[in-house]
Protein chains: 2
Amino acid sequence: MAVEQTAAPEVMQLIDRVRSGDVRALARAISLVENDAPLAADVLAACFPHTGRALRIGVTGSPGAGKSTIVDKLARHYRAKDVSVGVIAVDPTSPFTGGAILGDRIRMQENLSDPGFYVRSMATRGSLGGLARTTADVASVIEASGKDVILIETVGVGQDEIDIVRLSDVTIVVLVPGMGDDVQSLKAGIMEIADLFVVNKADREGADRVEKEVRAMQSLATSHGSWVPPVVKTIASTGEGIDRLTETIEQMKQWLDVDGRLEARRKVYWRERITEMMRHALMSQVREHGLSDAELEAHAARVAGKEENPYRLVPELVARVFKS
Amino acid sequence: MAVEQTAAPEVMQLIDRVRSGDVRALARAISLVENDAPLAADVLAACFPHTGRALRIGVTGSPGAGKSTIVDKLARHYRAKDVSVGVIAVDPTSPFTGGAILGDRIRMQENLSDPGFYVRSMATRGSLGGLARTTADVASVIEASGKDVILIETVGVGQDEIDIVRLSDVTIVVLVPGMGDDVQSLKAGIMEIADLFVVNKADREGADRVEKEVRAMQSLATSHGSWVPPVVKTIASTGEGIDRLTETIEQMKQWLDVDGRLEARRKVYWRERITEMMRHALMSQVREHGLSDAELEAHAARVAGKEENPYRLVPELVARVFKS
């Protein structure tokens, strides 16, 4: 199968505009993808040939660890070197926090209003797993617009966030001293996905202890092959340590560039993504041909009322989908 | 469709033993379900008619908030009243934390080794969404063994945990003062799922502030109808406030028992569960008939190498699954 494909003419036009640097076209293409619009698959298929070159950097860590500031400083660093940057800030839709972070991002956009920089906030939407998929797709669209570096930042540090950032080429986990957030209590899975640890607010008491704890755990943790995740101390608010951080990212990039490591990593990435895309596509088929919302509702009521056994129902429904 | 169904004779026998209080049979039935064994569907179908009567109580909150102690005290409270109890402790498989928590549980089991009490630790396994499904299924098996109350406790407070505990009849969110874990920074979604807040370690400074913050947020949060989630202060280590907590759970239960509220809640529950079960069943079909692991591997490599466009590949694969 060829990579280049014909898509709907309006999509080809839209992607041409995206590639020529039209910010409005980019925003529209992203919205189509975010909303899972009928044209979304065409948009993504048309973007795909123009992806794969950018470095995707995922940044996660506890709320308040300073992730936004780090992402901000990284973006400024790359822009100063004329490296174009896309930022995706994945915000939960909580009425309590979403707005504030989006606000910060809009300010950041204003400060850096240059054609080599683009920022997009994304809200948690849809069901389980949906956000990681959508984030990856939005990253592809932004990458197709010609960005060299894509920074993907999450708000929290839960399973969702892990699933989002682990789809990056370089995953940064931001820790901070004295937040009751001992390394031991970190969400399981976080140690395993980190390519690089940042101990931010390193002027605070306890920074050395956090670093020591991370290093102690590394001796237990799953191996990244010959890459031992470094620990970089920063004070992001003043910019201290950011140079060291970007150098370390560059080292990781160089490590990925030999022995087909980047391609091996992306192969793992695509194995998961294809599986997830198939799951999504199959469920769309079910909704279209197999089980309407009204039917689902009726079955749920019967199961809740103990009139129907769900463990017998589901195999029957699946058989029906395949027959239709 | 009738609820009672014939299953494989060995499964019928196993479930008879489960229902008669045979702990080994219960452990074996749970393992079949946890491992998604070929007999798992039969086990669950045979258990289903014996479920629906128990009260499922989900307990979530930040690591270190004292969830295990609260669950322990609740279990002892119910046992003292001759109410039988099952506990599911959902642990992440992290090599760093899993073992310790499992150890606690084993001790708890020893202390309370009576036929009216059963505890099971579960590890994170499989991919996204799998854990919530398996936890719900394991809860059904334990319920079929005749337990009156099922306590489901998570380790952390991420999306996974939200998905697990929201499938309960009563969801308790445990907060604690002064853990840098301000109510504002709580994972989005937590406020919305709580039926009941516990401020544990209430003798610590800041307990009143946490309570005040929760109440302030409640005025903004999604409504639970006429149920306003109460805030209960506890010092679980000494047992203080546990009586108040069990009374509040009882009030919630009484509220659920009128106007078909419990059934409405379980209908929502089953709508999600049936969808998730179908998704799981479809993907099993795909693995069996559509796309072998080796093929998936090969496609992933071609996509990573830009030789194949995943957004064209997936619709073709889906079409093939349906044709076969």
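This is a predicted model: local features need pLDDT of at least 70, side-chain atom pairs count only at pLDDT 80 or more; totals for chains, interfaces and linings use all residues.
Me: How many residues of strand β1 (residues 55–61) of chain A are buried?
Reply: A residue counts as buried if 20 or more other C-beta atoms lie within 10 Å of its own. The strand is largely enclosed by the rest of the structure, because the residues that count as buried in β1 of chain A are seven of the seven.

Me: Which residues have the most contacts inside the largest nonpolar core?
Reply: This core has 188 residues, and both chain A and chain B supply residues with the most contacts inside it. For one of them, B:Leu151, the contacts beyond its neighbours within four places in sequence include B:Ile57, B:Val59 and B:Val71. The residues with the most contacts inside the core are A:Val43, A:Leu151, B:Val43 and B:Leu151.

Me: Is A:Asp82 buried or exposed?
Reply: A:Asp82 lies in the loop between α4 (67–80) and β2 (85–91) of chain A, and its phi is near 65°, a positive value in a residue other than glycine. Because A:Asp82 has 8 C-beta neighbours inside 10 Å, it counts as exposed.

Me: Where does B:Asp259 lie?
Reply: B:Asp259 is not a glycine, yet has a positive phi of about 60°. With 11 C-beta neighbours inside 10 Å, B:Asp259 counts as exposed. Its place is the loop between α10 (242–257) and α11 (261–290) of chain B.

Me: Which element of chain A has the lowest mean pLDDT?
Reply: Chain A averages a pLDDT of 83, with 81% of the residues scoring at least 70. Among its elements, helix α10 (residues 242–257) has the highest mean, 96, whereas the lowest mean, 51, belongs to helix α5 (residues 98–111) of chain A.

Me: What ipTM does the predictor give the complex?
Reply: The predictor gives two scores for the complex. The pTM is 0.68, and the ipTM is 0.80.

Methods:
Residues are numbered from 1 along each chain as its sequence is written. Chains are lettered from A and ligands numbered from 1 in the order in which they are written. A nonpolar core is a set of buried Ala, Val, Leu, Ile, Met, Phe, Trp, Tyr and Cys residues joined through C-beta atoms within 7 Å. A residue is buried if 20 or more other C-beta atoms lie within 10 Å of its own, exposed if 12 or fewer, and partly exposed in between; C-beta atoms are placed from the backbone. Two residues are in contact if their C-beta atoms, placed from the backbone, lie within 7 Å. pLDDT is the predictor's confidence in each residue, from 0 to 100. Helices (H or I, at least four residues) and strands (E, at least two) are DSSP runs, numbered from the N terminus.
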